Each structure stands twice: as structure tokens, then as C-alpha cells.
Amino acid sequence: MLILASWETAYRVIGWKLWVFPAPSHVVDSLLEMVGVHTAFGEPLHTGWPRPLPEDRAANAARPQVEPWYGTPLVKAISYSGVRLVAGFAISVALGGTIGLLMWRFDAVDKMLGPLFLGLQTLPSVCWVPLAVLCFGINEKGILFVLIMGSFSAISLVLRDGLRTIPPLYPRAGLMLGARGWKLYWYVLLPASLPALAGSLRTGFSFAWRSLMGAELIFMVEKWRGLGYLLQMGREFSDIARVVAVMIVMVVIGMLADRWVFAIVQRRVQERFGLGT
Amino acid sequence: MRAPATPILTKSAPEPPAPRAERPVAIPTWARPAPGTTTGRGQLVLSGISKSFGGTSARALRDVSITCAPGEFVVVVGPSGCGKSTLLNVAAGMITPDSGTVTLDGQTADGPGPDRAMVFQDHGLFPWLTAAQNIEFGLKMAGVPRSEREGRVEDALRLVHLVPKRDKLIHELSGGMKQRVSIARALVMNPAVLLMDEPFAALDAQTRTLLHEQLQELWCQTHKTILFVTHSVGEAVRLADRIIVLHAHPGRIRREVQVSLPHPRNFDSSDINQLVKLVRKEIEDEVNRVNAEMAETYWKPQSPADLGADSGLMGDGI
């Protein structure tokens, strides 16, 4: 907070240029503008809100004065990115989960895929973009491809490691009580692997979110403008305030999802198992 | 004339031990022995069991044969590493022996199953289920209808005196309670044989004594065949009808001791303690010898007098 305040003060006193580096107030302006609130906190000698409309009446009439909140660029971008994330993450979890399970169950699969997946994890997900562009073209499939490739190997590895920590006593107890075949998997191994699953979802999500943002930045799909698109547009118009604002939104969304969804799920599971402290 | 001084301390004849408080626990019908026979089923025969791990050099068990009569309480004692847990796992069907067979009531038993219910040392209860759900688990797997399951779980909880804890998660229970849930989980399946793998080894002494009494009570009520493995001689003598001492490297039967004390035993009564001491000494010698053979040196703690003999001379040489 102190840093932000001194930054803002320095900005006002020295008189930096908006297009060199934005002050926090400009970022706030840009952020609010993207949700349809027009402010001018960044302009000196101004109360900030509401921002005076441009003098040019014709331009004013040309564009709609009030956009509905759900029609504003930021809300749209978040929902498009969200839909992509949900779809891609679901596929990624299904694929990564299956492979992780196979790796845990069969040593041969693990020996074959384990080192490969570790290698894939060192590859930044954006590096999949050129391949996706060539294979799928600039479209939704390409974005999903990058998202999935960026996250499923991490999900597999975390799940496999988690499954390996299941005490062998649980399957033995299950067998003793007559749980055989699929019943052993469904009633014993699946619940026993819940802590592993929760951990693997959490890791997978952060990988997926990062991959998606990277992919959207480069795949400029005109029809559905995601958060990455907004960021890239900011760059193209040299709108630094917009760039910083979108970056903040990305961090906040990633953090909220991790803190409010995955961390809570993980904590619940751990409490149930008595693993928490 | 003054009244005779009332003695401060009167030495009266020792009172007979108070009868243990009768707890009104009715044995549920499904756990009662078959009508007409006190010992319905549960004849467990292990014949010629051999098992080796990691090549032929380390033989965990060599040609071990044990016959448990229906309703008999058999305890296997031995030093650590003598293969007693392996033996129990073979009986449970968790480990396939290299040779030898396991028969239960005349039928060959292979693979684990609820007819030979096992109580593990680390309880092996499922942490994602409550106490009652853990007990219910085996019935659910066996496809017992829900209405019947509830009643049987209730009965089992009553048998181990854990009705108030029915909805607790496993990590909310104490060590002794966990083992009682584990016993209830085994008993609710109405197994022919109860296999117990050092079930009380991880408990404190007080809890262990309490559970000994409760297990004895349960056994007297249900007359299950019990094959119990422990490294504690005291535990073996308290509980067993028959004690089997295992020898290590390779594991085979060294000796069998019949404990012909009547059940239920009052662990505190002196004449029983006398007998326990005798048997205990006999077995401890055996275990010590096995231990000594394992370590290739015969090590026995020195008597306190020997240890203290030099203490008076401390500092003499200065």
C-alpha cells in the first residue's frame, strides 16, 4: 500500500508520462473502463468520477452510452477464458488422471512415460503454440491443445506420486473385507487417493491457467476475446495501463481459484483424513 | 471399665475377588454359535506351510503346521523376524505360501476373504469413513441389505462398547478405541476365524490390559476361533488356550504349551499369576534362546548386584 502511495505521489510530482509507465490511478481507470465505468482518477486536477464526456457530440452518439455490465470487455473476456479453462481443464484432468492411474498401476507404463513427462514439464507451455498453430490453425482447438499439453503431464505425475503414498494396509483391509475387483478400486483406492487427487487438481489448475493465458496471448481468436486477447490488444495500442490492469486481473483470478476453491477442497479432504495439524 | 481399644487396623480374611461387573451385552443372533453345537465352525488347519522371500536363502517359514480347533484361542509367540506375521498373512490369504495349504472347515481357502477376518496391528481402518461406516463396510461389500446392516452395526458397536462413538471419524478416536472398532469390523462379518496380528502392540500398558479383558470377554461370548500373533509372552499367557513358540531362521515351530487355566481369567488373582509366572519363565527361556541363536551371542542382562558392585570403588584409581 505504501509502495503504491509513494508511486502515485512520485508520479504526480515528477510528471512521468502515462505512455512510459502508468500510475496506479491509471490502472484503476483502465480496469474500471473495462467493466464499463468511466473514471479519470489518473488525470490531475479532476475529481475522478464521473469522467466528463468528450466534447464531440457525434462521437458520443455513435457509441452506446451505457453498456450492460455483462457486455463489458472484461466480463466477456473473463467468461470466455473461463469457459475455455473449464473445458480444457476437464479434458486435461480426464487424460492426465487416466495416465497417472496407469502409471501407478503398471510399472512398464511408468518407466516409459515417467521420464518423458518430467521432460515435458520443463517445457514452457507457450512452446506448444507453434506446433498448435501448424496442426490446428489459429482457432479454439489450438488454444485447448496448448492448455491440455501444458497441464496434463503435471496432473499425471502428481497423481501417480500421491497414489504411491496410499498405505498398502488399506487395499489389504479392503480385500479382507471382501472388496474385490472394481469394488476395491471404487470403495477403497479411490477414497484413499482423495488427498492425492486434491493435490493433483490444484497443481493442474495452476498449470492450466498459465497455459491458457499464454495461448490466448498468441492465438488471437477474433470471435471470443479472452483475457490474453485483452492483454495483447493493450500492447498493440501501447496502452500500458490496460496491460498492467489485465495482468492484475489474471493474477487475482488465479489466486482466488487456488485459495477459494482448490485449497479449501484440499483442506476439507485433509481434515477428514486427520492429516491436517 | 474401659471398652477394649478398637484396633486401628483389622486384618480380616481377604475378600474373594469381586465378581466382574456384569455388562448386559446380549450376543446378537448372527454371532452366536450354531444351535446344538458349542463349537460350530472355525477349524483352521495350516499344513506344511513354507515361504521364502527374495531367493531361497532367507526362509521365513519352513514346514509349519498348526491346527486350530473350533473355538480355540491359539497364540503364536516368537522373536521379531521369526515369520509369525508372515504365517498369519498366509492364513489370511494375503500371502501365497511356496508350499502347504490352508484349510478352513475342510475347504481349501485361497485369497483373502471375510471368513478369515483380520485385525491389523495398525488397525487399517479407513480414515474417510466414520466408526460405524467402517464396521458397515464389509457387510456392504457382501451385499447385505441396508436395513439388516444397520442392526448388525449397532450390535457390533455394543459388543465393543463404542455406541457413543459411532459417528466419529477414525482420527478422532484413541488408539484403544481404534482397535476396538477394528475388532468390531472383523466380528460383524461373523467370520469363522479371527486372525489378530499384534493388535495391541502399539497401545499403552493400561489400555492393553483393558483390551485383554475385553477380548477375553468377547471370546467367551462368541467362541470364535482366534489365531493371535504377538511377541509379548505375558499377553500370550493371559489370553491363550495354547501357545505356539516359533523359532527363527527358518521359522518353524519350536514348542507348544497348553495353558489349561479356565476362562474367563482374572488377571490379578494370585494363583493364576503363579501359573502365569511358571509358563512365562518356560517360554521366556525359549524366546531368549531363539534370540540368542539369531544374534549368535547369548546376551542376558546382568543382575543389579553385578552392575552395582564397582560403584563403591569409584575414583579409587585417582
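Me: Which residues of H4(A) meet which residues of H5(A)?

Reply: Residues are in contact if their C-beta atoms, placed from the backbone, lie within 7 Å. In this predicted model, A:Ile99, A:Leu102 and A:Met103 of H4(A) meet A:Val109, A:Asp110, A:Leu113 and A:Gly114 of H5(A). These residues comprise five nonpolar, one polar and one charged (Ala, Val, Leu, Ile, Met, Phe, Trp, Tyr, Cys and Pro count as nonpolar, Asp, Glu, Lys and Arg as charged, the others, Gly among them, as polar).

Me: At what angle do H4 and H5 of chain A pack?

Reply: Two packed helices are described by the angle between their axes and the distance between the axes. Here H4 (residues 73-105) and H5 (residues 107-122) of chain A pack at about 125°, with axes 6 Å apart. H4(A) is therefore oblique to H5(A) (under 35 degrees is roughly parallel, over 145 roughly antiparallel, 65 to 115 roughly perpendicular, the rest oblique).

Me: How many residues does each chain give to the contact between chains A and B?

Reply: Chain A gives 15 residues and chain B 20. H8(A) supplies the largest share of chain A's side, six residues.

Me: Where is pLDDT below 50 in chain B?

Reply: pLDDT is the predictor's confidence in each residue, from 0 to 100. Chain B has a mean of 75, yet residues 6-24 of chain B fall below 50. Where pLDDT is low, the predicted coordinates should not be read in detail.

Me: Which conventions apply?

Reply: Residues are numbered from 1 along each chain as its sequence is written, with chains lettered from A and ligands numbered from 1 in the order in which they are written. In this predicted model local features need pLDDT of at least 70 and side-chain atom pairs count only at pLDDT 80 or more, while totals for chains, interfaces and linings use all residues.

Conventions. Axes are lines fitted to C-alpha atoms, for helices over the stretch in contact, and angles run from 0 to 180 degrees between N-to-C directions. Helices (H or I, at least four residues) and strands (E, at least two) are DSSP runs, numbered from the N terminus. Two residues are in contact if their C-beta atoms, placed from the backbone, lie within 7 Å.
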